[in-house]
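Please open the structure in your viewer and keep the selection tool at hand. The stops below say what to select next and what is there.

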Amino acid sequence: ILISPYLFEESSQRSVTDRDFYSEPKIMGIDPSEGGTDVASICRRQGLATLPFKTYSCRPERLAEIVIREIEDWKPDAVFVDETGAGNTVMYILRQRGYSQILYGVRGGNRPYEPHNYYNLRTEMYCLTKDWMEKGGGLPQDNELKEELCIHECALNLKDQYQLQDKREVHKNLGRSPNKADSLALTFAGPVNTTAQMREKVAFSNFEYDALNYGQ
C-alpha cells in the first residue's frame, strides 16, 4: 500500500497555518465524471493546505461551468484536468472561454518527469502526493478520500521503476472510481509557480511566461 491509513490520519489531523501556504501557488485538480454512479471531484491545494473537496454528479458541460465559477472565485495559478473521456469536453469549453493560460490536460499513462524512477505520470503523481503528506501536507478529514488514497498498491517493476496498481484494479477493489484521490494527485502533475512570481520573472527577462514552469 503506497499511502498508509496512519499517514492519512496524521495528515488529516495537522493544523496548517498561513505561513504554510500564503506565498505558494494555488493549484486546482479536476477529475471529471464518466457518468453513471461516477462523480466529478475538484481539489484545491495551496502549499501544505488543502481545502475541502467538492464533488458533483453532472454532465461535463455543467462541470465546465462549475469549474469556471471556481476559477473566478479562487484565482488558481494552474488547473490540471484529467483530459481522458469526459475531460476532453471540459477542456474544450474552458479553452473556448479563455482559460488556456492556466489550463493543463493530464493523461496518467503519459511519460513522467522522472522516467528512471516512475513507470508513468499517474505513478509519479501519487508518489509525489505521498511525499507531500510526509513533509507536512494537510488533508481534510474525509472518509471517502481516506479509502481512495489508502487502497492504491505500488511496487518496483523489472526496470526498478515505481509502478502504481492499474486504475481498473483500484476501481474493482474499491467499488467506485477514486475521484477525490485522483483530483488530489492531479495537483502534482507538474511544477507550478505563482502568477505573481512568473510576472516578476517576465518583467526581469522580458520573455513571455507560462504559469507552469517546467524548466525549474
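In this tour, a residue is called buried when its relative accessible area is under 20%, exposed when it is over 50%, and partly exposed in between. Please keep in mind that this is a predicted model. The mean pLDDT of the chain is 90, with 88% of the residues reaching 70 or more. Over residues 198-216, however, the pLDDT is below 50, and this stretch has 34 contacts in the model beyond near neighbours in sequence.

Begin by selecting E65 and R97, which form a salt bridge whose closest N and O atoms are 2.8 Å apart. E65 lies in helix α2, while R97 sits in the loop between α3 (87-96) and β6 (103-106), so the pair ties together parts that are 32 residues apart in sequence. With a relative accessible area of 33%, E65 is partly exposed, and R97, at 45%, is partly exposed too.

K54 is partly exposed at 28%, whereas E70 is buried, with a relative accessible area of 3%.

Next, select K146 and E9, where a salt bridge brings the closest N and O atoms to 2.7 Å. K146 lies in helix α5 (residues 143-149) and E9 in helix α1, so the pair ties together parts that are 137 residues apart in sequence. While you are at helix α1 (residues 5-12), select Y6, which is found there and counts as exposed at 63% relative accessibility.

Now turn to strand β1 (residues 26-31), where five of the six residues are buried. Six bridges join β1 to strand β2 (residues 40-46), and these two run antiparallel, with D31 standing opposite S41 in β2. Four bridges join β1 to strand β5 (residues 78-82), and this pair runs parallel, with I27 standing opposite A78 in β5.

Finish in helix α4 (residues 121-134) by selecting E124.

Definitions and conventions. Residues are numbered from 1 along each chain as its sequence is written. This is a predicted model: local features need pLDDT of at least 70, side-chain atom pairs count only at pLDDT 80 or more; totals for chains, interfaces and linings use all residues. Side-chain values use heavy atoms; hydrogens and water are left out. pLDDT is the predictor's confidence in each residue, from 0 to 100. Contact means heavy atoms within 4.5 Å. Buried means under 20% relative accessible area, exposed over 50%, partly exposed in between (1.4 Å probe, protein chains only). Two strands pair if DSSP finds at least two bridges between them. A salt bridge is a side-chain nitrogen of Lys or Arg within 4 Å of a carboxyl oxygen of Asp or Glu.
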